[in-house]
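This report is meant to be read beside the sequence and the coordinates.

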Amino acid sequence: MLLPHQPLQNAAVVPPARVHSREEAGPWHAEAVCRRDEAGLFFAPSKEPTAARLAREEAAKRVCARCPVMIECREHALLQPEPYGVWGGLTAAERRVVLARRRRREGELQRSAQLPAAG
């Protein structure tokens, strides 16, 4: 692991003996980049002005974009569902849209599976 003050050329690169699954390595959130950032970036303070909220959410999404567990985080927030904050690069409103699309798609798939086969 590189430390911020350690130059790249002096860092020893040791390949892992074997690849571990996420479950073997521990919970996905242990690898989350946001664990090192201030939680206030991901959750709105009360009575936050719209411009400030949008700027904060974009900053949070930039953190999410470089996170190795962004997809796991997003799925967690969609499955819970998490009602607040930026999770997996999506705001609460964006997650509601994703969930609505998923429900609509699942409904369409169920309806098409129930139709008699043409033949």
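## Terms and basis

A residue is called buried when its relative accessible area is under 20%, exposed when it is over 50%, and partly exposed in between, with a 1.4 Å probe and protein chains only. The model is predicted, so that local features need pLDDT of at least 70 and side-chain atom pairs count only at pLDDT 80 or more, while totals for chains, interfaces and linings use all residues. Residues are numbered from 1 along each chain as its sequence is written, and side-chain values use heavy atoms, with hydrogens and water left out.

## Salt bridges

Side chains of opposite charge can pair when their charged atoms come close. Five salt bridges are found in the whole structure, a salt bridge being a side-chain nitrogen of Lys or Arg within 4 Å of a carboxyl oxygen of Asp or Glu. One of them joins R53 to E57, at 3.2 Å from N to O; these two residues are four apart in helix α2, and are therefore separated by about one helical turn. E57 is buried because its relative accessible area is 12%, whereas R53, at 30%, is partly exposed. Helices here are DSSP runs (H or I) of at least four residues, numbered from the N terminus.

Another salt bridge pairs E48 with R56, whose closest N and O atoms are 2.9 Å apart. Both partners are buried, E48 at 18% relative accessibility and R56 at 10%.

## K61 and its surroundings

K61 belongs to helix α2, which covers residues 50-65, and its side chain meets that of E94 in a salt bridge of 2.7 Å, N to O. Because K61 lies in helix α2 and E94 in helix α4, this pair ties together parts that are 33 residues apart in sequence. K61 counts as buried at 18% relative accessibility, while E94 is partly exposed at 28%.

A network of salt bridges links K61 and E94 with E58. Beyond its neighbours within four places in sequence, K61 is in contact (heavy atoms within 4.5 Å) with V86, G89, T91 and E94.

## The aromatic pair

Which residues form the edge-to-face aromatic pair? The structure holds one aromatic pair, and its members are F43 and W87, arranged edge-to-face with 6.3 Å centre to centre and 80 degrees between the planes. F43 sits in the loop between α1 and α2 and W87 in the loop between α3 and α4, so that the pair links distant parts of the chain, 44 residues apart. W87 is buried at 18% relative accessible area, but F43, at 34%, is partly exposed.

## Backbone points

The peptide bond from Q80 to P81 is cis, with omega near -20 degrees, and P81 lies in the loop between α3 (70-79) and α4 (92-114).

K47, although not a glycine, has a positive phi of about 55 degrees. K47 is found in the loop between α1 (22-25) and α2 and is exposed, with a relative accessible area of 82%.

Notes:
Phe/Tyr/Trp six-rings, centres within 6.5 Å; stacked < 30°, edge-to-face > 60°.
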